[in-house]
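Have a look at the structure below before reading on.

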Amino acid sequence: MTLEGRRIAWKFAERLLSPGDLAAVQRFDFQDLGYGYDPFGMERESAMLAYLVFNALHRHWFRVESRGIQNVPTTGPAILVPNHGGVVPIDGALMAVDVFKNLDPPRVVRYIVDTFAAGFPFVSTFLSRAGQVFGDRKNVEDLVRRGELVGLFPEGAKGTGKLFHERYRLRRFNVGFIEIALRHRVPIVPVSILGSEEQAPMLANLAPLARLMGVPYFPITPTFPHLGPLGLIPLPAKYHITYETPLRFYEEHPPSAADDPVVVRMLADKVQVRVQEMLDDALSQRESIFDLGSPLEPRPGGNENGDSTNPP
Amino acid sequence: MATARTPREPGAKGGNGEGRNRPKHNVLITGVSSTAGRHLAMHLAADPRIGFVLGTAPGPRPRFLAGLDPKRFLYLPSDILRPRQVRDLFHGAHFKEHGIDTVVHLAFVSHPNLKGRKVHRLNVEGTKGLLDRCMESGRVRKFVFKSSDAVYKLDPSTPVYLDENADLNHDPEADQWVQDRVAAEMICRSRMDSAGMDVVILRFASIVGRNVGGQMNAYFDGRFVFKALGYDPLLNLVHMKDVIEAIRLAILKNTGSGIFNIAGADTATVTTFAELNGRRCIALPEHLLEVVNWAMRRLKMTDYYYSVDRDRMRYTCLLDTTRAREILGYAPTRSIEFREYRGLEG
């Protein structure tokens with residue numbers, strides 16, 4: 001962003017963000033390398049604009065409710081491990097907004113994004129400036145070494161490509177995050193995100209066309225592709241996010257366990273089962289997918305249990 | 001290949017410091033007429049830990065080397081493409097008399113507009129011939145090769161910070177400038193396990209500064225700075241004084257053979273650097289950049305070669321300097337003096 005662009009971004013933010021949110025984007029921990037970028041290319045102004053957009057979606061479109069934010073570490077490295085879904089993968093952005101606005105002090109979740117996105121102009125630049133990092137093991141290790149809060153979807157792109165009847169049935173977790181957590185002694189926070197897997201019900205996947213286009217899947221939904229790009233606008237499913245107590249595998253396993261494929265697979269399965277249990281539990285408590293009628297109690301900032309809802 | 005071997009320094013008895021009582025190093029610089037060679041020769045000739053500096057390049061002594069102390073610096077014309085001249089250099093009286101124990105190889109075609117068989121011979125076969133002469137001499141204990149971050153392969157899955165073990169660009173379609181560097185580096189790497197001589201490769205980020213020349217200077221000094229539409233990768237720029245300091249440390253420190261990434265103090269995007277340099281970035285669709293760059297070169301509006309940096313204009317390429325920091329003790333200290341630097345501070 002040019003210097004003039006940065007000035008305009010701040011003017012925008014002053015008008016459109018609440019005083020609390022504005023203070024949060026001004027004070028979050030940002031390691032400036034000298035020219036307004038952090039070591040992974042995040043720019044405070046771009047991250048702020050992304051927050052502005054996704055905060056509006058978080059609040060008004062998806063009406064996100066969350067529980068257990070006190071389980072997210074306020075300092076030091078941690079890996080947040082949620083389920084992944086929704087065809088258009090904005091579940092990560094909504095969770096990042098949720099963590100940013102409910103955690104004190106605010107922290108940016110550095111998501112590990114599939115590398116295929118790095119090849120797309122505009123998309124790759126936007127993701128990088130907003131604080132996301134493309135999925136290479138070295139990038140994850142560099143992030144945890146620097147004490148960052150990392151968000152990682154062990155289901156990978158196959159998670160967002162689930163058909164509607166497969167919703168909330170987790171795909172097999174990749175094991176890379178366990179190896180890194182053991183090697184660098186990093187806690188893992190299991191997260192369940194309810195709502196994402198109904199926002200764009202995928203009825204079929206045109207796999208040959210996807211291969212031709214070089215994308216992980218080509219979805220057929222009730223609205224896409226016959227409504228064109230507008231068909232990708234997600235339905236206003238209500239989001240419920242739960243953060244579980246951190247799993248500190250490194251307390252029971254030495255760093256060398258990261259080289260044992262049996263241990264690593266077992267621990268990845270353990271995290272997968274935990275996230276699945278959280279999803280099943282949240283599904284059993286949910287009364288409606290959209291929940292458009294019930295007004296929400298305004299509890300800004302959350303209560304002593306770490307629960308938060310958006311004001312109506 | 002980035003692991004260090006048992007170090008061998010003249011008179012080394014442990015430690016890797018630049019201690020006072022350690023014997024002085026006597027250095028041969030090839031390509032001393034290049035910008036880096038000139039700065040290095042002047043710097044080393046003034047360094048009390050360096051005994052003597054022998055500088056070589058084809059042709060008569062450049063004027064800018066005339067002022068150096070003749071007791072500490074000597075220029076010898078020599079073309080590393082001519083085996084007889086190289087042999088004469090290594091068997092000559094000056095080489096033996098001054099006890100040359102370190103060779104810094106800078107004789108490399110620095111501009112991508114020079115291409116072809118002769119350039120390849122200088123870059124690759126010249127490096128090979130020089131390395132072989134150094135090993136045969138039995139006197140040279142360290143060979144320092146100045147390389148570039150252009151050797152790294154860049155694609156969407158490349159990490160933000162590349163360490164010395166990252167994949168190199170072996171693409172046969174890559175520009176000759178890149179291919180020659182990769183080939184010369186591989187020759188150096190293949191000699192790293194040789195007995196009696198350490199081979200140190202320094203991979204530098206883009207060197208930028210006044211009167212320095214090079215790709216990034218040409219890019220940011222062009223009348224228009226064109227970039228790929230939709231991309232704005234991070235770049236790291238290194239100051240010439242940091243380059244010289246890294247080479248100096250590679251000469252003096254007892255590191256053994258190894259590869260070191262050397263980055264500078266300035267990291268920002270293409271757009272930001274262009275703005276700091278008082279230029280406005282113009283974004284064009286990627287497939288037009290090559291054509292526009294060709295036209296600008298034909299019109300003498302730029303010396304920049306887009307084909308060399310095609311991938312760098314899309315993907316971030318920053319260097320992980322952990323090894324250089326921990327083993328060489330290198331840390332960048334100088335920032336590039338941009339024209340509009342004060343504008344940013346304001």
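The paragraphs that follow cover ring pairs, a ring cluster and charges over rings.

This is a predicted model, in which local features need pLDDT of at least 70 and side-chain atom pairs count only at pLDDT 80 or more, while totals for chains, interfaces and linings use all residues. Residues are numbered from 1 along each chain as its sequence is written, chains are lettered from A and ligands numbered from 1 in the order in which they are written, and side-chain values use heavy atoms, without hydrogens and water.

Rings of Phe, Tyr and Trp (its six-membered ring) pair if their centres lie within 6.5 Å; planes under 30 degrees apart are stacked, over 60 edge-to-face, and the rest tilted. By this rule there are 16 aromatic pairs over all chains. One of them is stacked: A:Y111 and A:F153, with 5.3 Å between centres and 5° between planes.

B:F108 is buried at 12% relative accessibility, and B:F145 is buried at 0%.

Ring pairs also join A:Y35, B:Y219, B:F220, B:F273 and B:Y304 into a cluster.

Finally, look for charges over rings (NZ of Lys or CZ of Arg within 6 Å of the ring centre and within 35 degrees of the ring normal). The charged end of A:R44 sits over the ring of A:F28, 4.6 Å from its centre, and A:R167 lies over the face of A:F164, 4.0 Å from the ring centre.

Technical notes:
Buried means under 20% relative accessible area, exposed over 50%, partly exposed in between (1.4 Å probe, protein chains only).
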